[in-house]
Structures are given as structure tokens and as C-alpha cells.
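Student: I have a protein model open on my screen, and I would like to learn how to read it. Could you walk me through some of its features?

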Amino acid sequence: MIEARHLRVLRAVASTGSFSAAGRELGCTQPAVSQQMKALEASVGTPLLVRTGREMRLTQAGEALVRHASGILAGLTAAEEEVAAIAGLRAGRVRLVSFPSGSSTLVPTALAALRAAHPGTRVYLEEAEPPKSVQLLREGDCDVALAFRYEGAANVEEWDDLVVRPLLSDRLVALVPERHRLARTADGGSVAIGELAREPWIAGCPRCRGQLVEVCEGAGFTPRIDFATDDYPAVVGLVGAGLGVAVLPQLAVESVRPRGVRTVTLDPEVRREIVALTLPDLAQVPAVAATLDELARAASGQAGVR
């Protein structure tokens, strides 16, 4: 095993011509230089220097090693500087995966703050719903996953192997057309989801759709889903046109400009837990830790959700 410190000593000996001069250049004693040269020769298994009286010259192996030493040491110096920059948040990369309503609400605030504090850190954003986003994290295709799971839902996804940073509790609300018979309860009242049993429904993403069916069946009915779309503005538009009702997370409502609809509080309350996930080793990386911190700050400032 060739050590960098031994290469530095060899290069100094080659450039100065003696152990004592190399020691002065390196700030160590002549015996220390001699000892390190012996260790290097033992490591490579062949003599590197020929000592003739007071003169010293390199063997062929010594010349080859010195020729490579400059490039090796320059590469190590560059690597040390790059690692130091990453550790000091002067550089770095974070691959973030988020679900759409998180991408339009929490993520912009968090990334703007991260860029202002650490302009050398680059964040790459990709969108995916859980459990796909969590799978990407476990497979090494991202560093941080913004995810959610519904409280009390069947088959709750386990995150025991991950670092979980809780962000906020996102309440589900019902969306009804602004002229709907229940629109008046938007002024502070709440409705039981069973009161919407006979309505046509517009369903959201697959996980939200599954949660909707589970909640409705718990209330004693199966929703008649006329339309299904992953696009939240489309859900709001369909409700606003009077084509049905919907249940969306409050964060999703915050991410669009609801026109022609009223939001109604559901009773009993249904919430989803929103978290930032990473792997235990990645949690120690400064850029990842800073991203988690900024996501938490963005979540704490999210009005009307927690």
C-alpha cells in the first residue's frame, strides 16, 4: 500500500538530492525521512534509491514512481479540496424526489432558502408519488424523498429502515361547487362524509383514491367515481363546473387557485402525515442535512395546514 505521505517524501528527496535537504523542505528530521523511505521501499518491494557516498540517485523504479507521484498528489489535493468544499457546503449535490403538491408548496420555499444560504449546493428535483419515491430512495436513485402516508390507513408503509423527518400533518377537506347545498358550511362548519354519499366523485392520485374509497366505505357507502385524475387543478376545475365533489389534502388545495369551489371540513377528521425521508448514512452529508432543515422550516410556515 503506497501512502501519500511517502510519495511526498520521495518527491522531496528526488528534487533536493539528499535526506537532510528533503527533511528541511518538509519540516522534519533526516532520520524521519530515512525511515519513511525505507517504509516506501518495503511497501513497493524494490529499491527506489541508490546511495553512493554522499550522492543519491533514483533507480528505474524510483524514477517511475516520482513520475507518477506529481499526478497522484495533485489528484489527492484536488479531492481533498472538493471534499472540504462539500463538507463546508461550498459545493455539493442533492437529488430530491417530491409528490406534486409538495413540489408546488414546500419545495420552492425550501430550495430558495437553501440556495440563499449555500449557493454552491445544487439540488435536482424529480416528481414521484409514494411508494415510488421511497423505492427510488432505497435503490440509491435519490438522496431525499418527500413522502406521505395516511393516518390509520390499512397497509401503512413502513419506514423503519429510513431516517424520518416529520414535516406536517395535512388535513383532508371536501371540495364542493360554490352553489352546492353544503357550500354554506365552508364558513366554519363541518360535514360528515356520509352526507356526500349520493354525489358523483372526482378522485385524485391512486393513493388518495384508495384512501377516499377506504374512508367512504368506513362511513357505510362506496363512492361513485365519475372522473379520476392526478392533476389537482383538473380536480378543482371539474368540481367548479358542477360535475361532482372531491376530497383533497389541504396542501393540494393550497397549491392551486380554487375557482368556483368551496372547501368544507370533514367530520371525522382525516389527515396524512408528510415527511422527508433519507437513508441513515446520507443524513450525515451536510448538503442533505441542510435540505432536510429547510424543508422543515418551509413546513412550519405553511399556513392553514398543520
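Tutor: We will go through helices, cores, aromatic rings and a few single residues.

Student: What should I know before starting?

Tutor: This is a predicted model, in which local features need pLDDT of at least 70, side-chain atom pairs count only at pLDDT 80 or more, and totals for chains, interfaces and linings use all residues. Residues are numbered from 1 along each chain as its sequence is written, and side-chain values use heavy atoms, with hydrogens and water left out.

Student: How do I read a helix, and what span should helix 3 have?

Tutor: Helices (H or I, at least four residues) and strands (E, at least two) are DSSP runs, numbered from the N terminus. The expected span of a helix is 1.5 Å times one less than its number of residues. Helix 3 covers residues 30-44, and its 15 residues should span 21 Å. Its end C-alpha atoms are 21 Å apart, which agrees.

Student: Which residues of helix 3 are buried?

Tutor: Let's start with the term: buried means under 20% relative accessible area, exposed over 50%, and partly exposed in between (1.4 Å probe, protein chains only). In helix 3 the buried residues are Val-33, Ser-34, Gln-36, Met-37, Leu-40 and Glu-41. Seen down the helix axis, they fall within an arc of 165 degrees, so they line one face of helix 3. That arc is taken from the directions from the helix axis to the C-beta atoms. Here is the general idea: an α-helix has 3.6 residues a turn, so residues three or four places apart point the same way.

Student: What is on the face turned away, and what covers the buried residues of helix 3?

Tutor: The face turned away from the buried side carries the exposed residues Pro-31, Gln-35, Lys-38 and Ala-42. The cover of the buried residues includes helix 1 (4-16), helix 2 (19-26), strand 1 (49-52) and helix 4 (60-87). Just after helix 3 comes Gly-45, with a positive phi of about 80 degrees.

Student: And which residues are buried in helix 2?

Tutor: Phe-19, Ala-21, Ala-22 and Gly-23 are buried there. Their cover includes helix 1, helix 3, strand 1 and strand 2 (55-58). Just after helix 2, Gly-27 has a positive phi of about 75 degrees.

Student: How many residues does the largest nonpolar core have?

Tutor: A nonpolar core is a set of buried Ala, Val, Leu, Ile, Met, Phe, Trp, Tyr and Cys residues joined through side-chain atoms within 4.5 Å. The largest has 58 residues, and those with the most contacts inside it are Leu-175, Trp-201 and Leu-295. Apart from it lies another core, of 17 residues, among them Phe-19, Leu-58, Leu-65 and Leu-73.

Student: What is Leu-175 in contact with?

Tutor: Contact means heavy atoms within 4.5 Å. Leaving aside neighbours within four places in sequence, the contacts of Leu-175 include Val-236, Val-239, Leu-248 and Thr-263. Thr-263 lies in strand 11 (residues 261-267) and is partly exposed, at 30% relative accessible area.

Student: How many aromatic pairs does the structure hold?

Tutor: A pair of aromatic rings is described by the distance of the centres and the angle of the planes. Rings of Phe, Tyr and Trp (its six-membered ring) pair if their centres lie within 6.5 Å; planes under 30 degrees apart count as stacked, over 60 as edge-to-face and the rest as tilted. This structure holds two pairs. Phe-99 and Phe-148 form an edge-to-face pair, 5.0 Å centre to centre with 80 degrees between the planes. Phe-99 lies in the loop between strand 3 (92-98) and helix 5 (100-117) and Phe-148 in strand 5 (residues 144-150), so the pair ties together parts that are 49 residues apart in sequence. The rings of Phe-148 and Tyr-150 have centres 5.9 Å apart and planes at 80 degrees, so this pair is edge-to-face. Phe-99, Phe-148 and Tyr-150 form one aromatic cluster.

Student: Which charged end sits over the ring of Phe-148?

Tutor: A charge sits over a ring if NZ of Lys or CZ of Arg is within 6 Å of the ring centre and within 35 degrees of the ring normal. For Phe-148 it is the charged end of Arg-272, 4.4 Å from the ring centre. Arg-149 lies over the face of Trp-159, at 3.9 Å from the ring centre.

Student: Is Ile-274 buried or exposed?

Tutor: Ile-274, found in strand 12 (residues 271-278), counts as buried at 0% relative accessibility. Its contacts beyond four places in sequence include Phe-99 and Phe-148.
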